[in-house]
Amino acid sequence: MNISLPKKAQVVIIGGGIMGCSVAYHLAKAGWSNVVLFERKTLTSGTTWHAAGLVGQLQGSHATTAFASYGVELLQEIEAETGQNPGFRQSGSISIALNDERMAELKRKADFAKLFGIEAHYLCTSEIAERWPLINTDGVMGGIQMPSDGSANPVDLTQALAKGARLHGATIYEGVKVEEVLTEGGRVTGVRTDHGTVLTDNVANCGGMWARDIGRKNGVGVPLHACEHYYLVTEPISNLPANLPVLRSYCDGTYWKEEAGKLLFGFAHFNAKPWATSGIPESFEFDSLPFAEDDVMEVIELAMNRVPILRETGIRSFFNGPESYSHDGKFTLGEAPDLKGYFVLAGVNSTGIQSGPGAGKALADWIRAGHPTMDLAEMDPARIEEWQAHDPYLQARCPETLVLTYAMHWPGRQRTSARGLRRTPFYHSMRGHGAVFSEVQGWERPAWFAPNGADPSYDHSFYRPSWFNHMLEEQQAVRKAAGLIDYSMLGKLMIEGRDAESFLQRVCTNEMSLPLGKVTYTLMLNPRGGIESDVTVARHGTESFMMMSAISHTRRDRDYLKSMIQLGENVHLRDVTSAFAVLALCGPMSREILSSVSNIDFRDQAFGFGTLQHFNIGHAPVFAQRISYTGELGWEIFISPDFAEHVFDCLIKAGEPHGMQLVGGEALNALRISAGFIHWGHDISYAEAPHQAGLQFVCKTNQKLPFIGQQAYLARKAEGGGPFLCSLRLEDPRVLLHHNEPILLNDKIVGFVTSGAYSAESRAAIGLCSISLPIQNIQNELFGGSFSVLVEGKMVEAVVRLIR
C-alpha cells in the first residue's frame with residue numbers, strides 16, 4: 001500500500017497504544033499543528049487492547065497519583081469533546097486486608113489519598129460483604145473503599161484519544177513502522193520508516209514492549225521487559241450486580257471486576273515469567289499467549305476461595321498476554337540524557353489505562369516547554385545505568401516487579417532477583433561482621449548489622465522489624481562514640497582540565513575557586529532556579545576536582561555535567577567511583593581513633609572542617625576529607641581497593657576500645673534526618689529552589705561569573721514561594737513515620753513527610769517534610785494552632801520546625 005508521508009513534523013510519536021495516542025492528543029490540543037504518530041500495525045494492537053481497564057486513582061507516588069487523578073477527569077469529559085465513549089464506569093473499588101500489616105498499608109494509602117482530595121474510607125467486614133455480596137469474608141479484617149475508582153474500555157479510550165488528536169490536527173498513520181531514529185551531533189533530526197523519511201527535532205518513543213529495542217538502536221536505555229500476564233473471564237452469572245465495585249485482595253494476589261454480566265478476575269503472579277526473551281515476533285498483532293495452568297493454579301485456588309461462585313461458574317476466556325514491566329517498578333518518562341529531542345514514555349507496569357492520559361499529558365508538556373513541568377525525577381531516563389538496560393538483567397529483574405504488584409509494599413522493601421552484582425572492597429569483611437545488605441543501583445550496601453546470635457534476615461514491617469533495636473544501637477554509637485560506614489558506592493567523578501575551575505564556577509552555586517585541599521558542599525541549579533543536584537566538591541590539584549554524588553543519581557550528575565560543557569571548553573570528566581573504596585568514620589571519638597592509626601595531627605587547627613589531607617593508615621596511603629552526613633565530627637577516608645581490607649582491619653581494631661560500631665544505611669538515614677541533611681529525590685528535586693530547603697547559604701550570588709539558574713533563583717527567592725522543607729518530631733513515641741504521611745495544622749492538610757525514621761536520640765519518630773505555609777508563619781511559629789500527622793487514620797501530635 002502506498003502511503004504518502006509528510007516531509008517534516010514538529011514531533012514524531014512511535015507507537016499507537018494508549019501512551020502514544022495520549023501524547024499526540026495532548027500535544028495537538030495544546031496547539032502543535034504538525035504532530036505525527038506512526039503505529040507499526042493497528043492502534044492498540046500491542047498490549048493496550050487486552051488490558052483489564054482498571055482505573056484506580058491511588059498510585060505509589062505523587063506523580064503517578066496525579067496522572068491517575070487527571071485520567072478520571074479526562075474519562076469524564078472526553079466523550080463530550082470527541083463523541084467517542086471511553087466506556088468509563090465509576091463503580092468504585094474496595095481493597096481488603098487479611099492481616100495487620102496489610103491493614104496498615106491500606107490505611108496509610110487512605111491517608112495518602114487525602115493529599116489529593118481523593119475520597120477513601122475504611123470499611124468493616126460486614127460493610128464489605130454488603131457492598132460485594134459474592135465475597136467469602138473468612139479472614140477479612142476490613143478494607144478501604146474508594147468511590148471514585150472504576151474501569152474503562154481500553155480500546156475505546158485509546159480511540160477517543162486518537163480521535164481527539166485528529167480533531168486537533170494530528171496525523172495518525174497505521175501500518176507504518178519506524179525503522180530508525182536519525183540523529184546528528186547528539187540530537188534527533190528525523191525518523192526513517194518503511195514508507196519513507198520524516199524530518200523532526202522531537203521523537204517520542206511510546207513503543208510499549210518494543211520501546212527497549214527501539215531505544216537500543218540509538219543507545220537510549222529503556223529498562224523494561226514483556227512478562228506473561230493472565231486473567232480469566234467467566235460465563236454470564238445470573239443476577240450479577242452491574243454496579244459491583246472493583247474488588248482487590250492483595251493477599252490473595254487477585255482482582256475482580258464486573259464485565260457485561262460476567263466476572264473478570266486477574267492476578268499478580270506469585271511466579272512470573274519474562275516473555276519473548278529472544279525477541280518479539282515481527283508478526284505480533286492482537287496476539288495472545290498460551291495459557292499454562294500450572295503458572296497460575298495457586299492463585300486461581302485463592303481466587304475461588306475468596307469468591308466461591310467461581311467454583312460453579314464456567315470460564316469463557318482463559319487469557320494470557322504480554323505486559324511491560326520495568327526493573328524498579330517505576331515508569332520511564334522524559335528526555336534521554338545523551339540525545340536531545342529523544343523522549344521516552346514506557347514501562348508503566350500494567351497501569352497504562354489509569355495512568356495513560358496523565359502520563360501522556362506530562363510528556364507532552366515536557367516536550368512543549370523543553371523541561372519537565374512537574375516533579376518527574378523518579379521516572380527520569382537518566383536514573384538508568386547502562387547495564388540496567390541489558391536483556392539478561394531485565395529478564396531476571398522485571399518479572400519480580402509483576403510479582404510485587406500485589407505483594408506487601410513495605411517501606412524499604414528489598415528485591416531478591418539479580419542481587420550481588422556490585423560489591424565494594426569491604427563486602428566480605430562487613431558480611432563477616434554481620435552486615436545485612438540492601439541494594440541500590442546494583443550495589444550491595446550494608447543496611448544494618450546483626451550482632452552475634454541475631455538473625456541476619458532483612459524482614460520488613462510498617463511497625464518495628466526484628467532489626468529495629470540493632471539500628472537504634474548503631475545510631476547511639478555514632479552519637480556517643482563512633483561509627484564506621486561503607487561509602488564506597490557513592491559516585492566519584494573527576495573534573496579535570498585547564499577550564500575545570502571556571503566550568504564548576506558556572507554550574508555550581510558555591511564558590512569553586514577553592515584552595516588546594518578544600519572541600520565544599522554545593523548545589524547545581526537548572527535555568528529555572530530548581531535544584532538539579534546537591535554534591536560535594538574537593539580540589540585535588542590546580543586543574544583537578546572530585547565531585548561526590550549520591551548512589552542513585554551518579555549517572556544523572558555525570559550526564560548533566562557533560563551537557564554543560566561548552567564548545568572549546570577544556571574540561572574532561574572521569575568516573576572513578578570504583579577506583580576508591582571509602583569509609584566514613586564519624587562520632588565524637590573518631591579523632592582519637594584516627595590518631596591512633598596515623599601520625600598526623602587531626603585537631604581542628606591542623607585538620608579543619610571542609611579540608612582534605614593525604615596520610616597513611618597502617619601501611620596504606622589514603623586521603624580523607626573532614627565532612628560528615630551524620631551531624632557529628634567525621635572523616636570520609638579514600639583508599640585504593642588493594643589496601644581497603646587492611647585499612648578496615650586497622651580501624652576495627654583501633655575503634656574497639658572506643659566503642660566504635662559498624663553502621664548501616666538504616667541508621668544513617670535516621671542520623672542525617674536528625675541533623676537536617678537532605679536527600680535529593682526524596683526531600684527535594686529539580687522543582688524546588690534553594691530557599692525552599694534552607695540552602696541559601698551555598699548560593700554565592702556575588703561572584704564575577706554567575707552560576708546557571710542564578711537569576712531565576714533570586715527571582716524565586718524574592719517571591720518567597722513555597723512549599724518549604726521543615727523538620728518534625730512526633731510526640732507519641734509508639735508511632736513510626738516512613739514517607740508521604742499527611743501533615744495537618746488545625747485539621748487542615750498543609751504538607752507531607754518526605755523522609756521518615758526513628759531517632760534513638762529523641763526516642764521518637766522524626767522526619768523531614770514539605771509544608772505549604774507562608775515562610776513568615778513558619779519562621780515565627782505563627783501557627784495559631786498545633787501540627788499533627790495522619791498515620792493509619794489517626795492524628796498524632798507533632799512538633800514542626802523550619803530548616804534553617
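Colleague: Which helix gives the most to the lining of the second largest pocket?

Modeller: The model is a predicted one. Its second largest pocket has a volume of about 700 Å³, and among the residues closest to the centre of that pocket are Tyr 560 and Ser 563. With six residues in the lining, the helix that gives the most is helix 13 (residues 554-564).

Colleague: By class, how many residues in the lining of the second largest pocket are charged?

Modeller: The second largest pocket is lined by 26 residues, and Glu 335 and Lys 340 are among the closest to its centre. By class, 10 of the lining residues are nonpolar and six are polar, while the number of charged residues is 10.

Colleague: Against which strands do the buried residues of helix 9 pack?

Modeller: Helix 9 (residues 391-404) reaches 20 Å from its first C-alpha to its last, close to the 20 Å expected. Its buried residues include Tyr 393, Leu 394, Arg 397 and Glu 400. Besides helix 6 (211-216), these buried residues pack against strand 14 (224-234), strand 18 (315-326) and strand 21 (435-440).

Colleague: Is Phe 286 buried or partly exposed?

Modeller: Phe 286 lies in the loop between strand 17 (262-267) and helix 7 (293-306), and has a positive phi of about 55° although it is not a glycine. Buried would require a relative accessible area under 20%, and exposed one over 50%. Because its relative accessible area is 35%, Phe 286 is partly exposed.

Colleague: What is the phi of Ser 350?

Modeller: Most residues other than glycine have a negative phi. Ser 350 is found in the loop between strand 20 (342-346) and helix 8 (352-369). Although Ser 350 is not a glycine, its phi is positive, at about 65°.

Colleague: Which residues does the cis peptide bond with an omega of about 5° join?

Modeller: Most peptide bonds are trans. The cis bond in question involves Pro 723, whose place is in the loop between helix 17 (710-719) and strand 34 (724-730). With omega at about 5°, the bond joins Gly 722 and Pro 723.

How values were computed. Residues are numbered from 1 along each chain as its sequence is written. This is a predicted model: local features need pLDDT of at least 70, side-chain atom pairs count only at pLDDT 80 or more; totals for chains, interfaces and linings use all residues. Side-chain values use heavy atoms; hydrogens and water are left out. Helices (H or I, at least four residues) and strands (E, at least two) are DSSP runs, numbered from the N terminus. The expected span of a helix is 1.5 Å times one less than its number of residues. Buried means under 20% relative accessible area, exposed over 50%, partly exposed in between (1.4 Å probe, protein chains only). Contact means heavy atoms within 4.5 Å. On a 1 Å grid over the protein atoms alone, a cavity is a set of points where a 1.4 Å probe fits but cannot get out, and a pocket is an open set with protein on both sides within 12 Å along at least five of seven lines; lining residues have an atom within 4 Å of a point. Grid points are joined across faces, edges and corners, and a volume is the space filled by probe spheres set on the points. Ala, Val, Leu, Ile, Met, Phe, Trp, Tyr, Cys and Pro count as nonpolar, Asp, Glu, Lys and Arg as charged, and the others, Gly among them, as polar.
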